[in-house]
Structure formats: C-alpha cells, structure tokens
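Subject: The model, and what turned up in it

Hi,

Here is the structure I said I would pass on. Have a look at it first, then read on.

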Amino acid sequence: MKNLLFIFISISLLSCSGNQNHPDFEKNLKVAKDFINYHSTENWEAQAELLHDDLSWAQPVYGSENYGKEGHIEAMKMYQNMFDNIKFKADYWLPGVDPETGIRDGGVRTYGTWTGMHVETGKEFNLNSYHAMSFKDGKIIGGGDFFDFGGFMSSFQE
C-alpha cells in the first residue's frame, strides 16, 4: 500500500512539474515588456540594446525570409517614423515553449492590440497581433511578429 501511495504521489508531482515557469521567464518577461514599451516611446536605440547579435526574426510579410539584428532595427525605425502615438495593449503574456518538447523554455509570447496614428494620412489604426520571443544571454535572439502587414499598410492608402 505504501508503494502504491508513493507511486501516486510521484506521478502527481511529475505531472505538475510541466506547469512551472522556466527559471529565466520572469527576467525575460521584463525584457519583452521593455522591448515593447521602448517601441511605444519610439526609442529604437534602447530596443536595439535588447537584441542579441545573432537575432533571427520572422517578419509579418508574406514570402519574406527571417532577418537579423540590423534588418530588425531598420524595421523598428520604419514603424517609428511612419506612426505616432504607438501603444500596445497586451491581452496575454505567456511563457514560450520549446517547439520539439513542448516544455517551457524561458521564451515569451504575447497577444494584443497596437494602436496609433499614421503620420502621413492622420488615420488612426487598431491592429491585432501576436509576438513571440526567444532568449539567449538575457537578450532576444529569435521570434517574430504575426499580423496582416499587407492589409495594415493598404489601410492607409486613399
């Protein structure tokens, strides 16, 4: 009976261990939130400091290849020049998981809505998005932006 109780407790503890956050999650979550907040304050320099030199980032553009740190910096500058009053309201901040094991890996994911104004037309926008970030050495090394880039940009055309 003692062995059966021990096995039951062991299985229960093991099944719960998958729900614990990675030890770096809270630290990486702060980096992710800072990265987003720096975008809202149009501070691409501070954002760039949070990017790993070996960054591989998925663009929200159909058929595009991932780009590195310099490409992502140029994209951040583009958005910050094209738009004012950029704000992000997160619906969720979630832990990332290893795609092969499904185990939490310290990454960060967020679903939310960007709002702001297109400088050239004065049109306001409201854009639902998803962003995923993986980390190495406390910096963002991978991930991507997922939203309808084509529809978003065409919404500002007359």
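Below are my notes, going from the sheet to the cores and then to a few single residues.

Some ground rules first. This is a predicted model, where local features need pLDDT of at least 70, side-chain atom pairs count only at pLDDT 80 or more, and totals for chains, interfaces and linings use all residues. Residues are numbered from 1 along each chain as its sequence is written, and side-chain values use heavy atoms, with hydrogens and water left out.

On confidence: pLDDT is the predictor's own confidence in each residue, from 0 to 100. The chain averages 90, with 88% of its residues at 70 or more. Residues 10–15 stay under 50, and the model gives them zero contacts beyond four places in sequence (contact means heavy atoms within 4.5 Å). Where pLDDT is low, the predicted coordinates should not be read in detail.

Now the sheet. It is open, with five strands in the order E1-E5-E4-E3-E2 and mixed pairing. Strands E1 (51–58) and E2 (83–97) are at the edges with a single partner strand each, so one side of each has no neighbour in the sheet. From one strand to the next, the twist averages 25 degrees. Helices (H or I, at least four residues) and strands (E, at least two) are DSSP runs, numbered from the N terminus; two strands pair if DSSP finds at least two bridges between them.

E2 and E3 run antiparallel and are joined by 11 bridges, with Trp-93 partnered by Thr-110 in E3. Six residues lie between these two strands in their hairpin, and Gly-102 in the turn has a positive phi of about 75 degrees. E4 (residues 124–136) and E5 (residues 139–146) are also antiparallel, over seven bridges, and Met-133 stands opposite Gly-143 in E5.

Two helices pack here. H2 (residues 25–40) touches E1, E2, E3 (104–118), E4 and E5, and its direction makes about 165 degrees with that of E2. H4 (residues 69–82) lies across E1, E2, E3 and E5, at about 70 degrees to E1. Axes are lines fitted to C-alpha atoms, for helices over the stretch in contact, and angles run from 0 to 180 degrees between N-to-C directions.

The largest nonpolar core has 18 residues, and Phe-35, Leu-51, Trp-57, Val-108, Met-133, Phe-135 and Ile-140 have the most contacts inside it. H2 gives the most to this core, with five residues. Apart from it lies another core of 13 residues, including Ile-86 and Phe-149. (A nonpolar core is a set of buried Ala, Val, Leu, Ile, Met, Phe, Trp, Tyr and Cys residues joined through side-chain atoms within 4.5 Å; buried means under 20% relative accessible area, exposed over 50%, partly exposed in between, with a 1.4 Å probe and protein chains only.)

What does the side chain of His-131 make polar contacts with? His-131 sits in strand E4 and is buried, at 4% relative accessibility. Its side chain makes polar contacts with the side chains of Ser-129 (2.8 Å) and Asp-145 (2.7 Å). A polar contact is a pair of N or O atoms within 3.5 Å; within protein, one must be able to donate a hydrogen and the other to accept it, and residues adjacent in sequence count only if both atoms are side-chain atoms.

Lastly, Asn-37 lies in helix H2 and is partly exposed at 46%.

Cheers
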